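The following exercises are to be worked through with the model in view. Each one sets a task and is followed by a solution in steps.

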Amino acid sequence: MQEQTFLFTEDGVVETWFGETALPPLRGRKAIEDSWTPFLATFDTVYHVNGQFTAEIDGDTATATHDCTVELIGEPEGAKTRNSNGVIYSDSYLRVNGEWLIAKRVARFIWRDVHPFIAA
């Protein structure tokens, strides 16, 4: 999942909340990669369905809020499951060398539905 880390500035920060519970913040690309790679490796399929994106741009900085459904399909505990998550991302962006990168992301996981995966 190293490719995903390049969406962030070198010193990017990720704060993750599950309801009212905060995980320790991740600071920098290496910390993000070291945290996300082993977790996401337990899934065969990972995808995001994005919607409701609102952004405000001010020169080389921007902020945005967007709703997302994160789908994780795999066998993290031995049985194949589909882990669906409703997330609200609040992002701060920085334009670096002509590219918009995430300087800070606050991910609020609002709901989760885990159930057996049944292929059609």
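**Exercise 1. The largest pocket**

Solution. 

Step 1. The basis comes first: this is a predicted model, in which local features need pLDDT of at least 70 and side-chain atom pairs count only at pLDDT 80 or more, while totals for chains, interfaces and linings use all residues. Residues are numbered from 1 along each chain as its sequence is written, and side-chain values use heavy atoms, with hydrogens and water left out.

Step 2. On a 1 Å grid over the protein atoms alone, a pocket is an open set of points where a 1.4 Å probe fits, with protein on both sides within 12 Å along at least five of seven lines; lining residues have an atom within 4 Å of a point. Helices (H or I, at least four residues) and strands (E, at least two) are DSSP runs, numbered from the N terminus.

Step 3. The space in the largest pocket amounts to about 670 Å³, where a volume is the space filled by probe spheres set on the grid points, which are joined across faces, edges and corners. Its lining has 29 residues, and T16, W36, H48, Y89 and F109 are the closest to the centre.

Step 4. By class, 19 lining residues are nonpolar, seven polar and three charged. Here Ala, Val, Leu, Ile, Met, Phe, Trp, Tyr, Cys and Pro count as nonpolar, Asp, Glu, Lys and Arg as charged, and the others, Gly among them, as polar.

**Exercise 2. The second largest pocket and T42**

Which residues line the second largest pocket?

Solution. 

Step 1. The lining consists of F39, T42, F43, P76, E77, A79, T81, N83 and V114. The volume of this pocket is about 150 Å³, and its lining has five nonpolar, three polar and one charged residues.

Step 2. T42 belongs to the loop between α2 and β4. Its relative accessible area is 33%, so T42 is partly exposed; buried means under 20%, exposed over 50%, and partly exposed in between (1.4 Å probe, protein chains only).

Step 3. Beyond its neighbours within four places in sequence, T42 is in contact (heavy atoms within 4.5 Å) with G74, E75 and P76. A polar atom of the T42 side chain lies 2.7 Å from the backbone oxygen of F39.

**Exercise 3. The nonpolar core**

Which residues touch the most other members of the largest nonpolar core?

Solution. 

Step 1. A nonpolar core is a set of buried Ala, Val, Leu, Ile, Met, Phe, Trp, Tyr and Cys residues joined through side-chain atoms within 4.5 Å.

Step 2. The largest such core has 18 residues, of which F8, V14, I32, W36, V70, V87 and Y89 touch the most other members. Two or more residues come from each of β1, α2, β5, β6 and β7, and the largest share, five residues, is that of β5.

Step 3. With neighbours up to four places away in sequence set aside, V70 is in contact with Y47, H48, N83, S84, N85, V87 and Y89.

How values were computed. Polar contact = N/O pair within 3.5 Å; in protein donor to acceptor, adjacent residues only side chain to side chain.
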